Amino acid sequence: MTADEWKIEHNRTKRSKTMSVSFKPVKPLFQTATSSVSRWFSYIGLGIGVLLLLCSIQMFVNIQQLLKGGSIRKDGYDFISITKTVTNETMGQFEKNLFNSEEIKELKTKPFISDVAPLEANQFQIELSAGGILPFRTNLFLESIENSFLDTVPSSFQWQPGQTTIPIIVSSDFLEIFNVFAPSYDLPQVSAETASGIPVLITCSGDAGREQTFSGRIVAFSDRINSVLVPKTFLDWANLTFKGQKSEHASRLYIKTKDANNTELLRFLDEKNYKINKDKTKFGRMKQIFQGIFSGLAVFGVMVIILALLLFSFYLQLVIARSRESLKLLLELGYSPGWLSSNVSRRFIPAYLIIVIVALALTQLMQWAFHHLVMYDRPELSTPINWTVILAAVILVGLSVITNYKLVRRLVFEN
Amino acid sequence: MQLRIQNLLPSFFKKESALESEIWRKDLSFEKGELIKIVAPSGKGKSSLMNFLYGMRHDYNGTISYDDHDLRRFDREQLARYRKDYISIVFQDLRLFPNQSVFDNIEIKRQLNPFHTSEKIREMTARLGIEDKLGVVSSQCSYGEQQRVAIIRALMQPFDFLLLDEPFSHLDEANAERAMKLMLEETRLRSASIVFADLERIDFYPYTKLFHL
């Protein structure tokens, strides 16, 4: 009979009614009451580490949610605009300050650039007025770009010859600027919804006194492109109609790239003396910085947790060392080392649970305070903590229990 | 159920020292139901033999097997089961938990694999005259009292073999006889065997086999 068979046969015997063994009479043999200072230190350390980690995860999520709208990233791409730097030498020479088709082709060949699109401008005169609604009249420029470079493209953003209404996409910054100066001109401040409802009149005038008025309607606001955009079909048609030529040069180009902070890209643009519109990358940078800070805090939290668990392992070793004689005798009397390990380590599970639940509650309190008192209930954020924080807490409890059990088991089996 | 020793010799013993022994380097088996008496003066390895049989030490040459299973091949869990279910011992050095009460010392063993109810603890302590010590911390008891606690503790579990390593060294003859009577009753109850190692023969132990170590 092999040892395994012996085990099986043994397990069949009526003698094996061991599972009713109580830990109660054994418990006093483990001197956990002494050396409680190091135990409390490790509990506090563990609590601080867990709190740091959970708060960092929550703040990481908050930043992501807050800066989602302002992000220039979409589908994993950054969109940045570039212009040529106008110097004293190039002043007045349109050809030198505009991008030609050769330069656009060259950009497209670079591996760090996924796509390039010119921002084409009007070649004729445009005047905008708000009709009778607002006493407002201004000269204007219109630009167009391929739809794939736009962050919001409503289905109404289309134009065909003969159509008298032009759909317009305006930079959301323009609305903000308007709302800043509107009060000083006795104009009402308008919301994005209201602005979309205001019909404006666009008067195009070109060579040989040709003039036509269209009605314009704002169909969307762009966070990405600082311009007044119309469908490409309209601009091409209008340039031909009012100026007699299509736009061949572009003053601004939009670059689609995997990483706007790619050093090769930046070096290339620098060499070419192209200027990057940094404004739109600021959100991205801010987000990167904040996420960097909170990632750092999370790493610090993990380190504190590891230190606390180490301290706890010292405490456990001390407990086992002090109870070494009792433990040895228990094993000599026939107590199973596996049973002893799981029962000794199980005693610390409530402590771990309490620590993580308290840390979770404090994180919730922090999130509530951040949302209500700091962010004034911004709709992008939510008061309840994110599910990833709860998941992290569950994983932490699991990890602590497993490492604790393994440590106790090793110490018991060493006896 | 059989406890068998083959060519056994402590690794720290010289081969010559086993020449006159009826146990060392011999092939023997102890069967259930036998009452074995092993007699030897100090230093002949009585406690070593008991520790070997109990699976506590492995510093020997030769083999010890329980039911054809080599004791040295038992893992930690199998060894725990062996001590819990099949073999019990009264250590020469008693090995009680010094800070636990007499009752707790016995109960810790009893609850592991209860052969008796806890009421039996009271009954046995009464028979051996230490009933009034049940609540007393064991380190405050006399050696004689502690020895009786160790004996009762060994009788709380089921066993096929009861190992006794000089179990009466601190007891007067009357108390030793009472304890022996109790152990014999309990062994008979289990149809088990006693392996009793001592300095000399005692009259009130009706051994069936006698060995000089």
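**Exercise 1. In the largest nonpolar core, find the residues that touch the most other members.**

Solution. Start with the term: a nonpolar core is a set of buried Ala, Val, Leu, Ile, Met, Phe, Trp, Tyr and Cys residues joined through C-beta atoms within 7 Å. Buried means that 20 or more other C-beta atoms lie within 10 Å of a residue's own (exposed: 12 or fewer; partly exposed: in between), with C-beta atoms placed from the backbone. The largest core has 59 residues, and B:L53, B:F161, B:L162, B:L163 and B:V195 touch the most other members. Next, look at where the members come from: helix α5 (residues 143-154) of chain B gives the largest share, 5 residues. Helices (H or I, at least four residues) and strands (E, at least two) are DSSP runs numbered from the N terminus. Finally, another core of 44 residues lies apart from this one, and its members include A:L53 and A:V412.

Before going on, a word on the model. It is predicted, so local features need pLDDT of at least 70 and side-chain atom pairs count only at pLDDT 80 or more, while totals for chains, interfaces and linings use all residues. Residues are numbered from 1 along each chain as its sequence is written, and chains are lettered from A and ligands numbered from 1 in the order in which they are written.

**Exercise 2. Work out which residues B:V195 touches, leaving out those up to four places away in sequence.**

Solution. Two residues are in contact if their C-beta atoms, placed from the backbone, lie within 7 Å. By that rule B:V195 touches B:F30, B:I36, B:I38, B:L53, B:F161 and B:L163. Now pick out B:I36: B:V195 is its bridge partner in β8(B).

**Exercise 3. Is strand β3 (residues 35-39) of chain B largely enclosed or open?**

Solution. Count first: 4 of its 5 residues are buried, so β3(B) is largely enclosed by the rest of the structure. Then find its neighbours, remembering that strands pair if DSSP finds at least two bridges between them. Strand β8 (residues 193-198) of chain B runs parallel to β3(B), with 5 bridges. Strand β9 (residues 209-212) of chain B is also parallel to β3(B), joined by 4 bridges. One of the pairs there is B:V39 with B:H212.

**Exercise 4. Describe the side of chain A that touches chain B.**

Solution. Here 25 residues of chain A are in contact with 22 residues of chain B. On the chain A side, α1 (3-12), α10 (324-333) and α11 (337-346) give two or more residues, and α10(A) gives the most, with 5.
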